[in-house]
Amino acid sequence: MNLLSKIIIGFIAVLHIYILWLEMFAWTTRGRKVFKTIPADQFEKTKVMAANQGLYNGFLAVGLIWSLIITDVVWSQNVALFFLGCVLVAGIYGALTASKRIFFVQAMPAILGLLSLLF
């Protein structure tokens, strides 16, 4: 795996760790400032749902980190392709169902990561 791919994958992993923290541990505090389109009275009501979403983002981060520490080049690339594909699908779905901004925050970095691996 080339250095550019590793940097992009590392960035995406860190981004998903931040999302995990935000949705699992800071939903009712920092989450209010980040997700300004959600009415303030909904944060407490959706705390458990957001924590569940955060957990899934954590799984994506762990998978991407795993791809960086695998020593076999082919295996590492295949794991990275799988998890970047998962991030891409989640980003597209989020953009279609929740906010177009999700495409740029989540799907676009995944596309860049996939392109860096494939070319």
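The model is predicted. Its largest pocket holds about 910 Å³ of space, and its largest nonpolar core has 17 residues. Seven aromatic pairs are counted.

**Largest pocket**

- The space in the largest pocket comes to about 910 Å³, and 28 residues line this pocket.
- Closest to the centre of the pocket are Glu23, Phe35, Gln53, Ala98 and Ile102.
- Helix 1 (3-25), helix 4 (47-69), helix 5 (73-97) and helix 6 (101-118) are the elements that each give two or more residues to the lining.
- Sorted by class, the lining comprises 16 nonpolar, nine polar and three charged residues.

**Aromatic pairs**

- The count of aromatic pairs in the model is seven.
- Tyr56 and Phe59 form an edge-to-face pair, because their ring centres are 6.1 Å apart and their planes meet at 80°, where over 60 degrees is required for this class.
- Both Tyr56 and Phe59 belong to helix 4, where they are three residues apart, about one turn of the helix.
- Phe59 has a relative accessible area of 49% and is therefore partly exposed, since exposed would require over 50%.
- Phe82 and Phe83 also make an edge-to-face pair, because their ring centres lie 5.0 Å apart with the planes at 90°.
- Phe83 is buried, as its relative accessible area is 15%, and the limit for that class is under 20%.
- Trp27, Phe35 and Phe43 are linked into a cluster by ring pairs; of these, Phe35 is also among the residues closest to the centre of the largest pocket.

**Largest nonpolar core**

- In soluble globular proteins, nonpolar side chains tend to be buried together.
- The greatest share comes from helix 5, which gives six residues.

**Ser76**

- With neighbours within four places in sequence set aside, the contacts of Ser76 are Met1, Ser67 and Ile70.

Key
Residues are numbered from 1 along each chain as its sequence is written. This is a predicted model: local features need pLDDT of at least 70, side-chain atom pairs count only at pLDDT 80 or more; totals for chains, interfaces and linings use all residues. Side-chain values use heavy atoms; hydrogens and water are left out. On a 1 Å grid over the protein atoms alone, a cavity is a set of points where a 1.4 Å probe fits but cannot get out, and a pocket is an open set with protein on both sides within 12 Å along at least five of seven lines; lining residues have an atom within 4 Å of a point. Grid points are joined across faces, edges and corners, and a volume is the space filled by probe spheres set on the points. Helices (H or I, at least four residues) and strands (E, at least two) are DSSP runs, numbered from the N terminus. Ala, Val, Leu, Ile, Met, Phe, Trp, Tyr, Cys and Pro count as nonpolar, Asp, Glu, Lys and Arg as charged, and the others, Gly among them, as polar. Rings of Phe, Tyr and Trp (its six-membered ring) pair if their centres lie within 6.5 Å; planes under 30 degrees apart count as stacked, over 60 as edge-to-face and the rest as tilted. Buried means under 20% relative accessible area, exposed over 50%, partly exposed in between (1.4 Å probe, protein chains only). Contact means heavy atoms within 4.5 Å. A nonpolar core is a set of buried Ala, Val, Leu, Ile, Met, Phe, Trp, Tyr and Cys residues joined through side-chain atoms within 4.5 Å.
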